[in-house]
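Me: I've got a structure open and want to talk it through. Can you help me find my way around?

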Amino acid sequence: MDFFLQLLINGISLGFLYGLAAMGFVMIFKSSRVLNFAHGEILALGAYLFLTLVTWAQLPVIVAFLLSLTGSFIMGFVIERLFLRPLIGEPLIFVIMLTVGLAAMFKGLILLLWGGNLYVYPDFLPGWLSLTLGPVTVPPVYVAAIVIGFVFLGIFGLFFKFSSQGIYMRSVADNQQAAMSLGVHVRRVFALSWAIAALVAGMSGIILGIISGINVHDLSAVGLKVFPVVILGGLDSIGGAIIGALIIGLLETFTGGYISPALRDVVPYICLIFILLVKPYGLFGLVEIERV
Amino acid sequence: MKGPASLKFRLCGNFFERYEQELSIFETDFGRLCLVLGLTVLFGIVPFVTEAYFLYILVIIAITSIAALGLNILVGFTGQLSLGHGAFFGVGAYTAAVLSTELQCPFIIALPAAGLVTALVGIGFGLPSGRLKGLYLTIATLAGQFIIEYVLVSWESVTKGTRGIVLPFPEIFGISLDGDRAYFYVSYISLVVMTYIAVNIMRTRYGRAFVAIRDNDRAAEGMGIPIFGYKLLSFAVSSFYAGFAGALWAYYMVSITTEPFTLMLSVEYLAMIIIGGLGSIPGAIFGATFITMLNEILRIVTQMLMNTGFLEGVELTMAPLREFAFGLTIVLFIIFEPRGLAELWRILKSNVRLWPFSY
Amino acid sequence: MKDNILLQINNISVVYSDVIQVLKGVSLAVSEGRIISLLGSNGAGKTTTLKAVSGLLKPENGEVTDGNIEFDGKPIQNSSPETITRMGIIQVLEGRQPFKYLTIEENLRVGTATRWGKPYKRDMEMIYEYFPVLAKRKKTMAGYCSGGELQMLVMGRALMAHPRLLLLDEPSLGLAPLVVREIFQIIRRINTEQHTTIVLVEQNANMALQIAHYGYVMENGKIVMEGEADDLKENPDVKEFYLGLAASGDQKSFKNVKSYKRRKRWL
């Protein structure tokens, strides 16, 4: 029973982490219909940035945290400017392939700069954050992950539903030319969505780093885990992404705990194929409105 | 000029007067001459003058070209973006290995058998394409990649897991194909045959149906093309090529493990056809050549850098630099020449033909 | 009637992809507060003229290669759509392009992009007053609305931007005659009540000339005729080719269709 509870809590926190990672991904998809294969690497860059600021520059944790978020934000902006701007108007397959190339580039870059070793952050989260639920204790990191997950979900949900900027972003995704004719600054929308996505990715990178250490291979693998998550939830639904993430998180921990650790990483994909066969647009995705 | 009755029509453009003309692949004698010369040089001269190392690279190029051709049929012609080609390649390699070790199946049968088995697996993973479109299908093939990888590692009774399998030396009718030169013939004859088949598939109704589905699947459906069947067929053909190439590769490598057939390999294949040129048969071969050469050059350069001691003290391993350069090449190619090497080749050809005028 | 000229197009030529010349020296002037109608058959270059003004040529690889466009005395040719829309020129695209996955209300809110951050509630009320149909379907996703509703939606969306110059591209396309009449009445109301200057591109010349003050006729990338709307209505050529009436004023009979060849000659 304790084991079950422990797994349940691990699963939920893992789910929220995946959800955070997926949120940035959905941002980009919602505004520009681009599947970002470099998401895991952007996430890793955020984690490494924080590592450098905390251990090498010896900055106070909160300053380092804010600085690395700013850094991620700027990085997203620069990536869009340098690599994606020239491709506006090209077929999507090229843009997707470009992110695949970026993924390889960033991974190589991280390995060149920091090497492939496993690093850990110094312990800085206060102990009072931990939570005791009956026989199991929830470590502070997990609590932080869940709280941040909820906060960001709320912020983004409100942002896309009610704020003007959010509606402009959705309008660009919907019909670029019409958005342009109404004066929506399309290029700014793209840049902004990449910047915000990178910021969220950096944040989830840091939290993942706290939990399982910083290693480029593990972190960038999360970028691929995002795919079943967002597909389950439907590619363009942020709430769906969180629910998809919870499902995947629980599936993984329970398979790992009860069946076999080797199967753990494949289960999301098997489940994905079956769900897609039943619901081709994911659980919460928009059904494509095709009018001829 | 008199009235309309006396109008004369002058023929301009390419007109075919006999069926044979329309069926020919090379329309001009010059083209056919080039083909014959090229094949003579390839089979008569190249294997005898090149060193073993270059022969090895040439064989690898031929094998990757076959797999890339298959992927281009699926992605470039049918428009179904697949991220599982590397895994299909692995299925072919493992089928050949299992057939030849467990069942003592001869080389000449194991190759097409591996292709057929992979085609079946491909149809299996193509099934979601009945309901899925575009990006959702891409992700389904990504799932396929991971599932196949997992099966290869954990189905120990057949694949021997991570220990791998050692294959016997290939023979055809009692002639041993040991050695690079013999294998050069095997792989290049396969490549020529497979290219010939691919060119011809694209000229039949199947090929036209593929292209129709790529350009507008709903219109294709309206024209009476059963799109689900043709999508599955495209998956089958594409994975047949992958499986065939995988089997060739397994025999050439002698011993195989599950390691190479990762997502990275699938991505490399995609990179090949994009760099080579989507929807172009020579493009697939150009792309395969380019990526294979790039990998080799990067390997040599990183080794040289390490040997010269230029970066001594810095913990520099080969893999990251290679990955970085690989990524950079893809990125630059897509930004500057998205239509790929096939387009560059076309421009180059017309420049040579029209020289010294620009058009 | 001499009044303040809002938009002045001087002898522009537009080239797509560096090879296809679509406009070959088009000049026109739009006075403030009036409705100008631009007529012509398919491919005459009407839409291209509008896009040249609104800056939407660029994404389609088109460019104004010659001549100039002045809005309020300032040159705007080849500026980005962001700049042009912020000066007060809004184009309503041909073929109703709603944001399918946004609700009606959200669609209208996109119209505030040029004045982001300013209050918009009052404008929304105004739009619902002009188009009562929209008020009923506020929360519906636009993809599920009918053609007439969508046409009203895209016009309302454009009005949210407080345009000084509204470019309407074929608002009657594919709509039932009654709906067309309703839409044209609203266009006239917008013009008189909001003092919005309107350029109206239309195939339905009859309707267009009824509400327009002044008209231009385009053909093959050139302006071939212009004049006050009432004069245009009386012109025998316009009558024959755009209003479907024979020169005498009778309904045109297909028996006389051969006369088409004889007359189709401007200037």
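Me: Let's start with chain B. What percentage of the residues of chain B count as buried?
Reply: Of its 359 residues, 43% count as buried. Keep in mind that this is a predicted model.

Me: How many helices and strands does chain B have?
Reply: There are 15 helices and four strands in chain B.

Me: And what share of the contacts in chain B between residues at least 6 apart in sequence join residues at least 24 apart?
Reply: That share is 76%.

Me: I'm looking at H3(B) and H8(B). At what angle do their axes cross?
Reply: Roughly 20°, and the axes come within 9 Å. H3(B) covers residues 52-77 and H8(B) covers residues 180-203.

Me: Why would you call H3(B) and H8(B) roughly parallel?
Reply: Angles under 35 degrees count as roughly parallel. The axes of H3(B) and H8(B) cross at roughly 20°, so the two helices are roughly parallel to each other.

Me: Left-handed or right-handed crossing for H3(B) and H8(B)?
Reply: Left-handed. On H3(B) the contact includes B:Leu55, B:Val59, B:Ile66 and B:Phe77, while H8(B) brings residues including B:Phe184, B:Leu191 and B:Met202.

Me: What's the make-up of the contact of H3(B) with H8(B) by class?
Reply: It has 18 nonpolar, four polar and two charged residues. The charged side of that includes B:Asp180 and B:Arg181, which are on H8(B).

Me: What about H3(B) against H12(B), at what angle do they pack?
Reply: About 75°, with the axes 9 Å apart; H12(B) is residues 263-276. That makes H3(B) roughly perpendicular to H12(B).

Me: Which residues make the contact there?
Reply: From H3(B) you have B:Ala67, B:Ala68, B:Leu71, B:Asn72, B:Val75 and B:Gly76, and from H12(B) you have B:Tyr269, B:Met272 and B:Ile273. By class, the contact of H3(B) with H12(B) has seven nonpolar, two polar and no charged residues.

Me: Okay, switching to the chain interfaces. Which chains have the most contacts between them?
Reply: Chains A and B, among the two pairs of chains that touch. Their contact takes 35 residues from chain A and 32 from chain B.

Me: Which helices of chain A each supply at least two residues to the side that touches chain B?
Reply: H4 (92-114), H9 (216-233) and H11 (267-278) of chain A each do. The largest share, 15 residues, comes from H4(A).

Me: And by class, what is on the side of chain A that touches chain B?
Reply: You get 30 nonpolar, three polar and two charged residues.

Me: How many residues go into the contact of chain A with chain C?
Reply: Chain A gives 19 residues and chain C gives 27. On the chain A side, H6 (164-174) and H7 (176-181) are the elements that give two or more residues. H6(A) makes the largest share, six residues.

Me: How do the residues of the side of chain A that touches chain C divide?
Reply: Into nine nonpolar, eight polar and two charged.

Me: How far apart are the closest C-alpha atoms of chain B and chain C?
Reply: They lie 15 Å apart, and no contact joins those two chains.

Me: How many bridges join S1(C) to S4(C)?
Reply: Eight, between S1 at residues 5-16 and S4 at residues 62-71. As an example to click on, C:Tyr16 has C:Gly62 as its bridge partner in S4(C).

Me: Why is S3(C) described as largely enclosed?
Reply: Six of the six residues of S3(C), residues 35-40, are buried, so the rest of the structure largely encloses the strand. Both faces are covered: C:Ile35, C:Ser37 and C:Leu39 are buried on one side, and C:Ile36, C:Leu38 and C:Gly40 on the other.

Me: Which residue stands opposite C:Ile35 in S8(C)?
Reply: C:Ile198. S3(C) pairs with S8(C), residues 197-202, in the parallel sense over five bridges.

Me: And what stands opposite C:Gly40 in S9(C)?
Reply: That's C:Met218. S9(C), residues 214-219, also pairs with S3(C) in the parallel sense, over five bridges.

Key:
Residues are numbered from 1 along each chain as its sequence is written. Chains are lettered from A and ligands numbered from 1 in the order in which they are written. This is a predicted model: local features need pLDDT of at least 70, side-chain atom pairs count only at pLDDT 80 or more; totals for chains, interfaces and linings use all residues. Two strands pair if DSSP finds at least two bridges between them. A residue is buried if 20 or more other C-beta atoms lie within 10 Å of its own, exposed if 12 or fewer, and partly exposed in between; C-beta atoms are placed from the backbone. Two residues are in contact if their C-beta atoms, placed from the backbone, lie within 7 Å. Axes are lines fitted to C-alpha atoms, for helices over the stretch in contact, and angles run from 0 to 180 degrees between N-to-C directions. Angles under 35 degrees count as roughly parallel, over 145 as roughly antiparallel, 65 to 115 as roughly perpendicular and the rest as oblique. A crossing is left-handed if the near helix is turned anticlockwise from the far one by less than a right angle, and right-handed if clockwise.
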